[in-house]
Amino acid sequence: MSDATVMSDSAGVLDAIATTRSIRRYLAEPVPDDVLRDICFAASRAPSGSNRQNFRMIVLTAGPEAEAAKQLVATGAKKLWAAKRRSDGYESGSGIDDKSPKARMARSMDAYIENLPTVPALIFPCLIRHRAPTPTEGASVYPAMQNLLLAARARGYGGVVTMWHLAAEKQLTELLEIPEGVFVAATVTLGKPAGAHGPVRRQPLAHFIYDGKWGDSPQWATDPPGTRYTSAGPTKD
Ligand SMILES: Cc1cc2nc3c(=O)[nH]c(=O)nc-3n(C[C@H](O)[C@H](O)[C@H](O)COP(=O)(O)O)c2cc1C
C-alpha cells in the first residue's frame, strides 16, 4: 500500500505471502471496523478483466443476517465435511492413529466446524457475471479474495478460504438477497488468530516452475534458506 497514513502494515508483502496460512481458530472478539475497512480496501484494489470491477464482498459480522448466514454455513459444512472425512480416508489408515497428521487435521476441522456459528466474520466474495459462466471468470474475483487475506495477515488477522456455502447456496442467496447472475465464489471466515501464523508449507520451488518447456525447472528455482515443505495434499493412506 502506498498510502501509509491509511493503513499500517505489520508484515512486508513477501513475508505476508510466505506466512498467510489458513487460520481456523479465532479469538472470541469482533474484527474492528477499521480492520474490515483496510482489508476490504485491499480487496477492492485487485485486478479484474477489463477492469470491470465486478466483484463484491458480502461481509457479515453481527446481527440477524450474520447469525443466520453463519448457522447456514455451519450446517452445510457439517454435511460436506462428514462426506469428505469418509472419502478422503480420515477415518481409516493413518487417520485412526490419534497422533498422525491426518487425525490432527481431522480434529482441527471438527473444532473449526463446531465453532463456525460464532466466527467473528464471514465473507462471501462474489462475482457479478456479465456473460455465461466461463472457466476463467474466477480470475476476476479470486485475486480480490487473496488481497483480502494478505491484508488481514498484515493487520494481524487471519482467515481461511472454504467452499462450505455450496451446501447452503439457495438459502444463503435468499437470506442475503443475492441477485440472479451473481456467482458466490467462496466462503471466507476471518478473525484474530488463536494461534500463530507460521509459514505456509509447500513443495520446493522447482516443483512449480518450468523454463522453456513443461517439466524442465530452471537452475535459479531454489528456495530461500529455512523454507519448510509438506507433501502435496491429502493422501488416502
Ligand atoms: C479453492 C480452495 C478451497 C478450499 N476449501 C476449503 C474448505 O472447504 N474448508 C477448509 O477448511 N479449507 C479449505 N481450503 C483451505 C485449504 O485447505 C488450505 O489453503 C490448504 O490446505 C493449504 O493450507 P494453508 O492455507 O494453511 O497453507 C480451501 C482452499 C482453496 C484454495
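Start at the shell around the ligand in this predicted model: its residues divide into five nonpolar, two polar and one charged. To see them, select Arg 21, Ser 22, Val 160, Val 161, Thr 162, Met 163, Trp 164 and Val 200, which surround the ligand.

Next, color the protein by domain. Domain 1 covers 13–200, while domain 2 covers 203–237. Draw a line between their C-alpha centres and you will find a separation of 26 Å.

Now for the largest nonpolar core, a set of 39 residues. Show Val 73, Met 145 and Leu 148, the residues with the most contacts inside this core. Then bring up the elements that give two or more residues to the core: the helices α2 (33–44), α3 (64–87), α4 (101–115) and α5 (142–154), along with the strands β2 (121–128) and β5 (187–191). Which element gives the most to this core? Highlight α5, which gives eight residues.

Stay with Val 73 for a moment and set aside its neighbours within four places in sequence; the residues in contact with Val 73 are then Leu 116, Leu 122, Trp 164, His 165, Ala 168 and Thr 187. You have met Trp 164 already, as one of the residues surrounding the ligand.

For a last stop, select Glu 180, in the loop between α6 (169–175) and β4 (182–184).

Methods: Residues numbered from 1 in each chain as written. Predicted model: local features only at pLDDT ≥ 70, side-chain atom pairs only at ≥ 80, totals over all residues. Near = placed C-beta within 6 Å. Nonpolar A, V, L, I, M, F, W, Y, C, P; charged D, E, K, R; others polar. Domains from an automatic or database assignment. Core = buried A, V, L, I, M, F, W, Y, C linked by C-beta atoms within 7 Å. Buried ≥ 20, exposed ≤ 12 C-beta atoms within 10 Å, placed from the backbone. Helix = DSSP H or I, 4+ residues; strand = E, 2+ residues; numbered from the N terminus. Contact = placed C-beta atoms within 7 Å.
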